[in-house]
Amino acid sequence: MKIIATNRKANFEYFIISTYEAGIVLVGSEVKSIRLGHTNLKDSFIAFSKDGEAFIKNMFIAKFEKSTIEPVEERRSRKLLLNKRELNKIHTKIKEKGFTCIPLKIYFKDNLIKLEIAIAKGKHLYDKKDALAKKDIERDTQRQLKNYR
């Protein structure tokens, strides 16, 4: 499994409740661009249509420069491939107050491009401050242990 891109702010901004693996419907030039690593999950989110299908919105995939076909929009909506049971479970959980669905990372799995998505609950400001304080304490203890040896 080769990780292509991660949503680094996801763990800071949200409590991750559960994760799912989804496929993405892509065009050939988008696949080539992703293989080169020209993609970004920043500010992207998962939305559901009226038909119950999941789409990733605002995910950036750069245009492939050597493409001979007509280029596609860089931040277009892309359909996610999940089975019906997973779609229903995610959709019902998102309808609850405070829950959302976010992308965590894009990776290769057996030459297929997969997207790890998560059901998450937003953190409050005091939760974020606690996480930063714990991170600082952990960093200081590691630094002291390194200097002690």
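By the grid rule used here, the count comes to one cavity of 30 Å³ or more. On a 1 Å grid over the protein atoms alone, a cavity is a set of points where a 1.4 Å probe fits but cannot get out, while a pocket is an open set with protein on both sides within 12 Å along at least five of seven lines; lining residues have an atom within 4 Å of a point. Grid points are joined across faces, edges and corners, and a volume is the space filled by probe spheres set on the points.

Before you start clicking, note that this is a predicted model, in which local features need pLDDT of at least 70 and side-chain atom pairs count only at pLDDT 80 or more, whereas totals for chains, interfaces and linings use all residues. Residues are numbered from 1 along each chain as its sequence is written, and side-chain values use heavy atoms, with hydrogens and water left out.

**Stop 1: the cavity**

Select Ser29, Ala62, Lys63, Phe64 and Val72, which lie nearest the centre of the largest cavity among its ten lining residues. The space inside is about 70 Å³. Its lining divides into five nonpolar, two polar and three charged residues. Here Ala, Val, Leu, Ile, Met, Phe, Trp, Tyr, Cys and Pro count as nonpolar, Asp, Glu, Lys and Arg as charged, and the others, Gly among them, as polar.

**Stop 2: the whole chain**

Zoom out and switch to a cartoon view. From the N terminus on, they follow the order β-α-β-α-β-β-β-β-β-α-β-β-α. The C-alpha atoms fill a box of roughly 60 × 40 × 25 Å along the principal axes.

**Stop 3**

Next, pick Asn7, Lys9, Leu41, Lys42 and Asp43, the closest to the centre of the largest pocket among the 14 residues that line it. This pocket has a volume of about 220 Å³. Five nonpolar, four polar and five charged residues make up its lining.

Stay on Asn7, in the loop between strand 1 (2–6) and helix 1 (10–13). Is Asn7 buried or exposed? Asn7 has 16% relative accessibility, so it counts as buried (under 20% relative accessible area is buried, over 50% exposed and in between partly exposed, with a 1.4 Å probe and protein chains only). Beyond its neighbours within four places in sequence, Asn7 is in contact (heavy atoms within 4.5 Å) with Leu41, Pro103 and Leu104.

**Stop 4: strand 9 and its partners**

Select 112–122, which is strand 9. Eight of its eleven residues are buried, so strand 9 is largely enclosed by the rest of the structure. Strand 2 runs antiparallel to strand 9, joined by nine bridges; two strands pair if DSSP finds at least two bridges between them. Look for Tyr14 opposite Gly122. Strands 8 and 9 form a hairpin with two residues between them, and Asp110 in the turn has a positive phi of about 55°.

**Stop 5: the core**

Finally, show the side chains of Ile46, Leu80, Ile90, Ile106, Leu115 and Ile117, which have the most contacts inside the largest nonpolar core, a group of 24 residues. A nonpolar core is a set of buried Ala, Val, Leu, Ile, Met, Phe, Trp, Tyr and Cys residues joined through side-chain atoms within 4.5 Å. Centre on Ile117: among the residues it touches are Tyr20, Ile46, Leu80, Ile90 and Cys101. A second, separate core of five residues includes Ala10, Ile102, Ala118 and Ala120.

Methods:
Helices (H or I, at least four residues) and strands (E, at least two) are DSSP runs, numbered from the N terminus.
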